[in-house]
Each structure stands twice: as structure tokens, then as C-alpha cells.
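I opened the notebook to look up charged side chains and their partners. The entries follow in the order I made them.

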Amino acid sequence: MPTPKIPVKVDTPERLRFHTLYHKCIVSGPNSESLLVLAFQQLCSPNIPEDFLIKWLEDMHQVLLGPEPEIRDKADEALQAKNRYQFVQQCLRAGIIGTMFEVARSHAEERNAVTYRAIQSISYIAKLLNEVSPEFDVHVLKDISANNGIGFLTKILKNKHKIVQRGAAGGCIETLSSLSNFGDDLTIAQIAELLLACGVYTSHSVSLVLHDLRKPENAYMRGLMISDKTKDQEISPRIIKFAPIWLGVTQQATAIGTLSALCRSKLITRKDRFTMLETKPEIIDNLLITISQARPAYYRDRKGDAVAAQILCSLMAFKLSDDRLGSGYTDSSQLDDKDYSIKCNELLLKRPRALELLVRARNIAVYEDQQETATGISDSLIELDSSMREAEERLANLSETTGSIGICTLQLLDNIAQLPGIPPSVYLALLPIAYMACAKVLSPEECKAAVAQDADNMFTTSQVRLQRHIYEIRLKPLRQDDTLVFIPPETTLGPTFLFGLLKQLANAGYSLAKLRRMKEMPPDTPILNQHPTNIIHIHQIVEPRTIGKLIRMSIQRRARQRRLLGNERLAGDPKYARVTYLSAVYLADAVWQFGTHPQNRNAEGVKENLTSLRQAYQELLFNYGNLSETFARKQSW
């Protein structure tokens, strides 16, 4: 609600103090709204001293957040909560949201804590009102829209020198994303701007943050981040260690809020996604930088990078279709023009070094030194006096980060490989990456043995290796049971990608026999890793025993396991079972099309495994029948 304009004279600071207003409002009840309207107008006056304004905002935060748990009086807690809720509702009606945005804007270019505290206030108010009743969400979002709140927050996120203010803006976006109907009222242009701002912030490096924090004029930022009162250029070792974690947490909040806007209940079509990427292609560039930048050993569980990878996959507009434009699956409600699926992925391919950055991101996430990671995070946990619960949370975050980036990058590479006009040299360069994604999964016994070896560490990474193989992504619209994007685990996606590449090579005239006879790589083969693709690696992949082993593993284990998992999910969530069966369909179909291709059907390694190929066809029939069952149960043919 916009702040009502009532002509008033400037009050004295003493009567404007927050606690004075708070107690008057509690005593007077609803009759105090005119007092709040007057106070809020004066808070926006340029004559209000900066120190007074900061103290006012800090006092409000103290009331909104309530007393610390260790000093909380349980007998008085219910009354305090009631007073707090009553006061915040009065503030909402008096225009507190508009006031906070006005205060934040008027101090946005100054080097002080006002903008940071004002944005935080909006987050606290929205969260508190949501706890009272979700019906207040409509009023909060209406006030934010009336004050162009999202536009202001995205502007702050793109200001590279406002470190703490950007963190507050990202946290505010995450808080707003938990409200009902968040994103539904945003235009496509506003969502594109939010995506761009998110990418700019999440791609911001730790080194640049530390460089800005060393400046004497930014001492107030260090004080807001952590209790660090030093004002010289030498900042404490503690903040050097803490600042990257603080940055990662706020980047994660920004990414989560942005992903929620994409997954709004008012679905965004593939045409809209293409429009956003075409008008702002820098969105792709920033997200590629985010997921491909190296993470320090003590903070490789930076979850914001994982969410950024999911945003990039969501933007590529996956299509559920029989022609396998990638294996990222969307539900039937998202089926529209196929051409926009192709165009979105073509935009990705056209961005500078896109293939190289995707491969680099996957290598960083999947093949980074596990022992170095364990030592670095363990030392960080000890230095920050973390509890075992925090260690378990960081273990879960590391599993999600490595798993998400691993399969998202693999999915995007698979999508690119399915585009028309890709030269065979690109398929050959991608072949070793796809083969490595088919690696053996640790058995439970092997996992236990590996965990036992890490028993001396506070933080173990052996579990991460197991979790990465089975990690999958399912994004749903807010408050709906549909599936916007589903990416199967690496155990399924890896062989699907590999056999898809071999089929594409066969279409281009590169049969298994020809690949085995090749003496050197084509001269136009791109360098996607640090070293060029070696012809020896290609020979190892297409060797008859290797091909036979991959066919048997893909059908007898991986595809069958997906079908059985779909059976388990069918009873609880048919739509989740549907995409699970579909991942088995794509895997079985990839093996079947590869094995029955005229160029390969009589090749060594294939003709000896006709039984497995027949089983692939059986898996196709079984899973298509199961898919029909999921549609029948939801009556969504």
C-alpha cells in the first residue's frame, strides 16, 4: 500500500524513536495508524540524521526477530508475539513497505548501513506476516509492486561495490519467493532482469569481494558481515575466511529466489524463455561463469552454484518428445512449439566458449580432489566453531552441489549434441566425457569401507561420491504437482548420452568399425579439456568388449532399476513415476537405436549382445505401458 500523503510538520527525534512508537501502538491499538503514517513520512525526510535512522532500523529488527532463545521468557513469549504481530499489521496498513523502499533508495549511493538495514526490514516484515497468515502475502506483494521493489532489488544486485547491500537484496528476494503467488505478477521483462541480476551477483568472485573489504571506507561492511571493527587496510584472518562463506550464502539465497520466479504457478512458455535469452544473452554468460569458477577447498559445498546450474537448465526449455531433444523432461502442460526448444539451446551453443565452460564446470564439480575438500571443509568447520549438525548440512550441500552441477552440465551437453548441424568432431570430443559419466557406482559395501577410511575427519566426502551418482533434479511449479524440469541421475543420463553420441556418429558415417580404424582425430576437433582428445581414448571406448559391457550394464542394470523405481513411486506420486519411467524409456531407446543402426548392427561387440538388445526393446515396451498407467491415473492423456 503506498504511503498516504498527509501534510504534517517534522516531529522531534525523541518522539520518533522506534521503541516510543512501538509502545504507543501496542497501547493504542488500531487507533495508532495515523501516528505511524506521520512517523513513516518523517523517516523519509532528508533532515533525519543517519545515525538516528540506523538505530531506528536496528531497534525494529530487534522487535521483529524477538529476543534471543537463551534470554527468552517463555511465560511472556506468547504476549510478545501477539504484540509483535499486531504492530507489524498496523505498520503494513500505514505503508511500512513503501517507506523502507524510499529510505533504501535515498541512501543507496551512500557508504553506510541504512540501505542494508532497510532491505532487511522488508524481509523480516514479509516473513513475519507470512507466519501470521498467508493472506497478508497479497498486500505485501502489492506494496512491493507499487514501489517497483523488484526493479530496485535487481539494481542493487548489479552494483558490484555494494557488497552487503547486494547480500540483503538477495536475501529479500529469497524471502519474497516463499510468499504466495510470487513471480505471477512479474512481467517477462522483469523476470529477465531478475535473471540477469542473479547471474551478475552469483558470478561475482571472492577475490573482488575481499579487495573491496580491504578499503578503509568499507569498514562498516565488515562490521555488518561479522563483528570486525578494524578500520585499517589489514582485515582480520577470520573475516578473510568468513567472507567467502557469507558471499556464498547470499548468492545461494539470490539464486533460490530467482529459480522460484521461473517456477511460478503461472507457467512460462518456451517462447517466453527464448525471448528472455534473446534480449539478454548475458544471462547465459553469467550463469556459465558461475558454475565454472573454481571453489576454494574449504567451501566447495557452495550450493548457490548448484541452483545456478538448475536455472540454466530450466531456461533451456526442455521438451518431452519422442525425438530426444536432450533428456531433460517437462510435463505435458509445457508442450508448445518445438522450434523454441531448439532455438534456446542454439543460443547456448553460440555463446563464447560455451562448450568449454560446461565441460570445465563438470570437471571441477566431479573430479576435484576429494581429500583436499575433506581437509579444507573440516578445518573451516573447526575454525568457525561449527557443530556436527552444521557439518552434516555442509555434507548434504556438497552432495547437492557436485550432483546438480554434474548432471546439469551433462544434460546441457546432451541437448547440444542433439541439435541439427553439429559436426562429427564435436561428437568425438564429447565421447570421453560421456564415457566417464558411465562409471561404476560404488556398492554399499565399498561405500562403507571408504567412509571408514575417512573416520578421522570431522567431514567425510566418501558419501558424496555415492550421492552424486544417484542425485536427480525435479523442479515443480509453485503449489502444483506438475513437473517443469526433470533431470535423471548420472547413472541413467551417462549411458543415454553415450549411446546417443554413438548413434549420431553413425548417422554421420562414423560406424564403430570406422572409429576403430581411425589413426588420428579430425583437425577441427575442439579442445574441451585442458588437453586435446586422444585417438587412443576413442579406441578404448569403442573396443568390442567395452561396447558389450556398456550395453549389458545399461539395460540389465540401469534401465531395469529405473523401471523398478518408477513402480515404487507410482503409488505415491504418478507424475513423479511418469518422468522416472520416461528416463528409462530414453535410455533403452538410445541403446536400441544404436544397436539396430545399419552402420553398427553387425559390428563386433554388438552382434554378440543381441539378447541385451532384445531386452532393450522389452524395456521400451514395459516403460511405455507404465507411462500409460501414470496418465490414466491422473486422467491427463
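**Entry 1: Glu193 and its partners.** I looked up Glu193 and found it partly exposed, with a relative accessible area of 22%. Here buried means under 20% relative accessible area, exposed over 50%, and partly exposed in between (1.4 Å probe, protein chains only). I then noted that Glu193 meets Lys280 in a salt bridge, 3.2 Å from N to O. Lys280 lies in the loop between α15 (270–279) and α16 (282–292) and Glu193 in helix α11 (residues 188–202), so the pair ties together parts that are 87 residues apart in sequence. A salt bridge is a side-chain nitrogen of Lys or Arg within 4 Å of a carboxyl oxygen of Asp or Glu. Lys158, Glu193 and Lys280 are linked in a network of salt bridges.

**Entry 2: basis of the values.** I am working from a predicted model, in which local features need pLDDT of at least 70 and side-chain atom pairs count only at pLDDT 80 or more, while totals for chains, interfaces and linings use all residues. Residues are numbered from 1 along each chain as its sequence is written, and side-chain values use heavy atoms, with hydrogens and water left out. Helices are DSSP runs (H or I, at least four residues), numbered from the N terminus.

**Entry 3: helix α4.** I counted 17 salt bridges in the structure. One of them joins Lys55 to Asp59, with the closest N and O atoms 2.8 Å apart. Both residues lie in helix α4 (residues 50–65), 4 residues apart, about one turn of the helix. Lys55 counts as partly exposed because its relative accessibility is 40%; Asp59, at 9%, counts as buried.

I also looked up Arg117, which forms a salt bridge with Glu58, the closest N and O atoms being 3.6 Å apart. This pair links distant parts of the chain, with Arg117 in helix α7 (residues 114–132) and Glu58 in helix α4, 59 residues apart. Arg117 is buried at 16% relative accessibility, and Glu58 is partly exposed at 33%.

**Entry 4: Lys162.** Lys162 sits in the loop between α9 (149–157) and α10 (163–177). Its side chain reaches the backbone oxygen of Ala108 at 3.5 Å, and a polar atom of that side chain lies 3.1 Å from the backbone oxygen of Glu110.

Conventions. Helices (H or I, at least four residues) and strands (E, at least two) are DSSP runs, numbered from the N terminus. A polar contact is a pair of N or O atoms within 3.5 Å; within protein, one must be able to donate a hydrogen and the other to accept it, and residues adjacent in sequence count only if both atoms are side-chain atoms.
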